[in-house]
Amino acid sequence: LSQWLKDTPGAGLLLLRAFLGVTFTFAALQKLANPGFFQAGTPGSIQQQLLGADRTSPISGLVSVALHQPVLVGVLIAVCELLVGLATLAGLLARPAAALGALISLTFFLTVSFHTSPYYYGSDIVFLFAWTPFILVGAGALSLDERFARRRAAAVAAQGSGGGKQGSTRRPAVAPERSPEVERRTAVGVLAGTAVVLGGAAALIGRALSPKGASAGTSPTLPTGNGTGSTGSTTTTPGGTGSTTTTSTAASTGNTGSSGGGNPKGTLIGPAKDVPVGGAAGFTDPASGNPAYALQPTAGHFTAFSAVCTHAGCTVAFDKASFTFNCPCHGSRYDAANGSVLQGPAAAPLPAIPIAEGSNGQLYADG
Ligand code: FES
């Protein structure tokens with residue numbers, strides 16, 4: 001084995017190639033099998049991830065363009081990942097597949113993990129460089145590319161030796177020369193067909209198994225609000241950016257609110273009754289225009305937090321069972337009681353948003 005590893009080009013990269021191929025294939029099938037990935041309102045959807053990237057990415061101009069067709073972009077990413085994964089596993093068109101894989105990794109690095117600190121905590125930059133050996137020298141050992149190259153060389157050699165025997169009629173030298181190319185094209189067709197079948201099967205199975213009412217598990221949104229973004233509105237008690245926000249409600253401070261006297265300062269975001277006790281409702285933070293959550297940990301006691309993950313800007317999802325905010329992008333978890341980080345890579349807590357309930361039963365934020 002050791003001698004084979006030494007003598008065979010690309011043999012030492014087999015494990016890396018297998019890992020990249022399996023990972024890209026799995027990532028693609030996971031996306032295609034998850035209906036929520038393509039549904040705009042779902043926390044981990046492509047649209048939410050693009051919105052997060054739009055806030056923080058150095059290529060936010062391009063992300064804004066992608067936001068016009070988030071579903072198309074999501075499908076395109078998944079299909080490209082699937083083709084790259086399968087081609088890498090088979091070692092077919094390995095160099096262009098690696099180049100596309102590197103481009104996908106670079107895009108993820110610039111949109112999702114660009115602000116990861118230190119930078120080597122982010123996986124996308126590692127994937128980006130892991131593709132480089134295959135871009136430079138191809139797949140090598142145990143690959144279809146290598147097999148077709150060998151057959152092509154053999155065919156050319158056969159043609160050369162056959163060319164010296166002009167009178168020979170036993171075998172046309174042209175046939176073996178063309179055959180490897182025909183085989184290669186057939187293999188490309190089989191790979192594309194496999195991608196269609198695998199991707200289609202994953203999409204069908206994922207939809208068949210996903211619970212009806214796809215938005216199950218998502219939080220309600222406050223119906224009223226300041227009209228800024230797409231997700232309703234919320235409330236929080238006046239509180240700092242620190243860990244524990246909250247304040248109890250009812251007509252606190254001033255009354256500059258938009259409705260009625262005796263109400264708190266700030267912008268009306270929606271009815272307090274729409275925030276379930278022990279749960280949360282989404283709203284758009286009037287001050288920033290970003291998504292946020294209003295919570296009612298105990299009856300009549302309101303808090304609110306930004307829903308923008310402090311790692312790379314994805315929108316976190318509220319999980320009532322664990323009373324946490326979970327980020328769909330890289331798995332950060334926050335304590336919904338105070339916004340503190342329970343699990344990285346995020347390092348900073350979710351900022352609290354001042355919120356209070358007015359005597360009219362409405363919630364006011366940023367007062
Ligand atoms: S954006 Fe990376 S964990 Fe949330």
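How are helix 5 and helix 6 oriented to each other? In this predicted model, the axes of helix 5 (residues 70-90) and helix 6 (residues 94-111) come within 9 Å and cross at roughly 140°. Angles over 145 degrees count as roughly antiparallel; helix 5 and helix 6 are therefore oblique to each other. Their crossing is left-handed. On the helix 5 side, the meeting residues are Ile-77, Cys-80, Glu-81, Val-84, Ala-87 and Thr-88, and on the helix 6 side they are Ala-97, Leu-100, Gly-101, Ile-104 and Phe-108. Sorted by class, this contact of helix 5 with helix 6 comprises eight nonpolar, two polar and one charged residues.

The buried residues of helix 6 are Ala-94, Ala-97, Ala-98, Gly-101, Ala-102, Ile-104, Ser-105, Phe-108, Phe-109 and Thr-111. Among them, Ala-97, Gly-101, Ile-104 and Phe-108 also take part in the contact with helix 5. An α-helix has 3.6 residues a turn, so residues three or four places apart point the same way.

Helix 5 also packs with helix 2. The axes of helix 2 (residues 14-33) and helix 5 come within 7 Å, with a crossing angle of roughly 150°. This angle makes helix 2 roughly antiparallel to helix 5. The crossing of helix 2 and helix 5 is left-handed. Helix 2 contributes Arg-17, Ala-18, Gly-21, Val-22, Phe-24, Thr-25, Ala-27, Ala-28, Leu-29, Lys-31 and Leu-32 to the contact, while helix 5 contributes Ile-77, Ala-78, Glu-81, Leu-82, Val-84, Gly-85, Leu-86, Thr-88, Leu-89 and Ala-90. By class, the contact of helix 2 with helix 5 holds 14 nonpolar, four polar and three charged residues.

Gln-47 was considered separately. This residue lies in helix 3 (residues 46-56). Gln-47 counts as partly exposed because its relative accessibility is 22%. Beyond its neighbours within four places in sequence, Gln-47 is in contact with Ala-40, Leu-67 and Pro-70. Gln-47 and Ala-66 are separated by 19 residues in sequence, with a C-alpha to C-alpha distance of 9.1 Å.

Note on methods:
Residues are numbered from 1 along each chain as its sequence is written. This is a predicted model: local features need pLDDT of at least 70, side-chain atom pairs count only at pLDDT 80 or more; totals for chains, interfaces and linings use all residues. Side-chain values use heavy atoms; hydrogens and water are left out. Axes are lines fitted to C-alpha atoms, for helices over the stretch in contact, and angles run from 0 to 180 degrees between N-to-C directions. Helices (H or I, at least four residues) and strands (E, at least two) are DSSP runs, numbered from the N terminus. Angles under 35 degrees count as roughly parallel, over 145 as roughly antiparallel, 65 to 115 as roughly perpendicular and the rest as oblique. A crossing is left-handed if the near helix is turned anticlockwise from the far one by less than a right angle, and right-handed if clockwise. Contact means heavy atoms within 4.5 Å. Ala, Val, Leu, Ile, Met, Phe, Trp, Tyr, Cys and Pro count as nonpolar, Asp, Glu, Lys and Arg as charged, and the others, Gly among them, as polar. The expected span of a helix is 1.5 Å times one less than its number of residues. Buried means under 20% relative accessible area, exposed over 50%, partly exposed in between (1.4 Å probe, protein chains only).
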